[in-house]
Amino acid sequence: MTESNRQFRLASRPTGTPTREDFDLVEADFPDPGHDEVLVKTCYLSVDPYMRGRMRDADSYAEPWDVGDVMSAGVVGEVLESNHARYEPGDIVAGNLDWAEYATAKGHELTAVDPSVAPISTALGVLGMPGRTAYFGLLEVAEPMPGDTVVVSGAAGAVGSVVGQLATLTGCRVVGTAGSDEKVAWLTEELGFDAGINYKTTENMTEALAEACPNGVDVYFDNVGGPITDAVMPHLNVGANVAVCGQISQYNATEPPQGPRKFGQLITSRARVEGFLVSDFAADFGTATKRLASWVASGDIAYRESVVEGFENAPAAFLGLFEGDNIGKQLVKVADPSFTDAESVKTEE
């Protein structure tokens, strides 16, 4: 078994858009699992927009990293050694672990992943945090009704793409905004969206939304904020629901954004605006994952993954989120799951 372990640590706090220099790739000691801990080989590493907030020294729903800290993320990996009764070498698990090739975690902090249900990478996407975020944000927070018009910003991302498909299953008219013609084509030709708008090439978003939503907007699922949300506001119907999931257009801002933006129009629409965190629904994660898995198995929900190969390329994968490089879930493939390392552990024991 290897005696070294590469990690990424926060090298500096970025001002504006992060750069590669804000990440420090270091060689660390190989981790040794303690009592009730599990040693995990990283197979897939997730990168997500919320991590940008952890790079700044400010209060947020996710605790910020200190400069020099090992960064962390959603990981799917293979158990190499276990001191926990629930897991044994060869098991596939998911959890929030270090940005590292190998990491340890308490057994209760991990979730078992069944490779027979779907590719293990989906535990970080459609069957993981993004899928559950879409599920609860749409069905529990936004509460669409059959016949509603639902608009989704960032619709070609890991969360938005699932939101739109769930809205279609609910019987809604679904309109998504995305940043390229390729993404719009994926939404409308493969995922069943009724209309898509390329916000980068559309000169007047307000007019484009009026054309795509002739009966107004009943539900707006907001992943983006900024000018796109401004353009949606005038189209909200009376009693509309707005679920605020993310504000990626603002994450790298160096000055406070204009605000409150267009809130006066909420008086006319009497719309309800609610922010949420997926962790609010932790007690029901199992139910959501089972339902999502059944829809994936039946073909009612499709997904895509944008996979960057190589642990050393994790920062580039993260930075690509802010350039709109990904379609669907952005992942870093670190290693293939195999039983070689697990067998060597058993032999040594």
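Which residues in helix 2 meet which residues in helix 8? On the helix 2 side they are G131, R132, Y135 and F136; on the helix 8 side, F285, A288, T289, R291, L292 and W295. Contact here means heavy atoms within 4.5 Å.

The model is predicted: local features need pLDDT of at least 70, side-chain atom pairs count only at pLDDT 80 or more, and totals for chains, interfaces and linings use all residues. Residues are numbered from 1 along each chain as its sequence is written, and side-chain values use heavy atoms, with hydrogens and water left out.

**Helix packing**

Two packed helices are described by the angle between their axes and the distance between the axes. Helix 2 spans residues 129–142 and helix 8 spans residues 285–298. They pack at an angle of about 100 degrees, with axes 10 Å apart. Helix 2 and helix 8 are therefore roughly perpendicular (65 to 115 degrees). The residues of this contact divide into six nonpolar, two polar and two charged. Nonpolar covers Ala, Val, Leu, Ile, Met, Phe, Trp, Tyr, Cys and Pro; charged covers Asp, Glu, Lys and Arg; the others, Gly among them, are polar. Axes are lines fitted to C-alpha atoms, for helices over the stretch in contact, and angles run from 0 to 180 degrees between N-to-C directions. Helices (H or I, at least four residues) and strands (E, at least two) are DSSP runs, numbered from the N terminus.

**Aromatic pairs**

The structure holds eleven aromatic pairs. Rings of Phe, Tyr and Trp (its six-membered ring) pair if their centres lie within 6.5 Å; planes over 60 degrees apart count as edge-to-face. Two edge-to-face pairs are tabulated.

| Pair | Centre to centre | Angle between planes |
|---|---|---|
| F23 and F318 | 6.0 Å | 70 degrees |
| F221 and F276 | 6.1 Å | 65 degrees |

F23 lies in strand 2 (residues 23–29) and F318 in helix 9 (residues 314–320), so their pair ties together parts 295 residues apart in sequence. F23 is buried at 4% relative accessibility, and F318 is buried at 1%. Buried means under 20% relative accessible area (1.4 Å probe, protein chains only). F221 is buried at 0%, and F276 at 8%.

Ring pairs also link F8, F23, W99, F311, F318 and F322 into a cluster.

**Charges over rings**

R132 lies over the face of F285, 4.6 Å from the ring centre. R132 and F285 also belong to the helix 2 and helix 8 contact. R304 lies over the face of W186, 5.6 Å from the ring centre. The criterion is NZ of Lys or CZ of Arg within 6 Å of the ring centre and within 35 degrees of the ring normal.

Notes
Angles under 35 degrees count as roughly parallel, over 145 as roughly antiparallel, 65 to 115 as roughly perpendicular and the rest as oblique. Rings of Phe, Tyr and Trp (its six-membered ring) pair if their centres lie within 6.5 Å; planes under 30 degrees apart count as stacked, over 60 as edge-to-face and the rest as tilted. Buried means under 20% relative accessible area, exposed over 50%, partly exposed in between (1.4 Å probe, protein chains only).
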